[in-house]
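Reader: I have a model open on my screen. How should I read its features?

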Amino acid sequence: MNKKSLLLIEIVWIILGTVCLGIAVREISTNGFKSGLLYLIMAAGALSLAWLRDSQRKKL
């Protein structure tokens, strides 16, 4: 893959992680920690995949 496509995938992962983090904060503030836990896990996964794409893009 070239750098532009890796950058695009990285941006998508960052946006997805940010959205999941925002949903998690809203769920935790309204319904408690247990209902927002899944969104926190999804946010952590998305941001870790963004970090992985960033490191792959820098190696090219």
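Author: Start with what a helix is here. Helices are DSSP runs of H or I, at least four residues, numbered from the N terminus. Keep in mind that this is a predicted model. M1 sits in the segment before α1.

Reader: Is M1 buried or exposed?

Author: The cut-off for exposed is over 50% relative accessible area. M1 has 64%, so M1 is exposed.

Reader: Which residues does M1 touch, not counting those up to four places away in sequence?

Author: M1 touches L6, I9, R53 and L60. Take L60 as a case of sequence against space. M1 and L60 are 59 residues apart in sequence, and their C-alpha atoms are 9.3 Å apart.

Reader: Now the helices. How do I describe a packed pair?

Author: Two packed helices are described by the angle between their axes and the distance between the axes. Here, α1 and α2 pack at about 160°, with axes 7 Å apart. Angles over 145 degrees count as roughly antiparallel. So α1 and α2 are roughly antiparallel to each other. Their crossing is left-handed. The contact of α1 with α2 has 20 nonpolar, five polar and six charged residues.

Reader: Which residues of α1 are buried?

Author: Buried means under 20% relative accessible area. In α1 these are L6, E10, G17, C20, A24 and E27. They pack against α2.

Reader: E27 is on that list. What is the relative accessibility of E27?

Author: E27 is at 14%, so E27 counts as buried. E27 lies in α1, which covers residues 3-31. Leave aside neighbours within four places in sequence, and E27 is in contact with G32, S35, G36 and Y39.

Reader: Let me try α2. Is Q56 buried, exposed or partly exposed?

Author: Partly exposed lies between the two cut-offs, 20% and 50%. Q56, found in α2, is at 34% relative accessibility, so Q56 counts as partly exposed.

Reader: How far is the C-alpha atom of Q56 from that of C20?

Author: The two C-alpha atoms are separated by 23 Å. Along the chain, Q56 and C20 are 36 residues apart.

Definitions and conventions: Residues numbered from 1 in each chain as written. Predicted model: local features only at pLDDT ≥ 70, side-chain atom pairs only at ≥ 80, totals over all residues. Heavy atoms only, no water. Helix = DSSP H or I, 4+ residues; strand = E, 2+ residues; numbered from the N terminus. Buried < 20%, exposed > 50% of the residue type's maximum accessible area, 1.4 Å probe, protein only. Contact = heavy atoms within 4.5 Å. Axes fitted to C-alpha atoms, helices over the stretch in contact; angles between N-to-C directions. Parallel < 35°, antiparallel > 145°, perpendicular 65-115°, else oblique. Left-handed = near helix turned anticlockwise from the far one by under 90°. Nonpolar A, V, L, I, M, F, W, Y, C, P; charged D, E, K, R; others polar.
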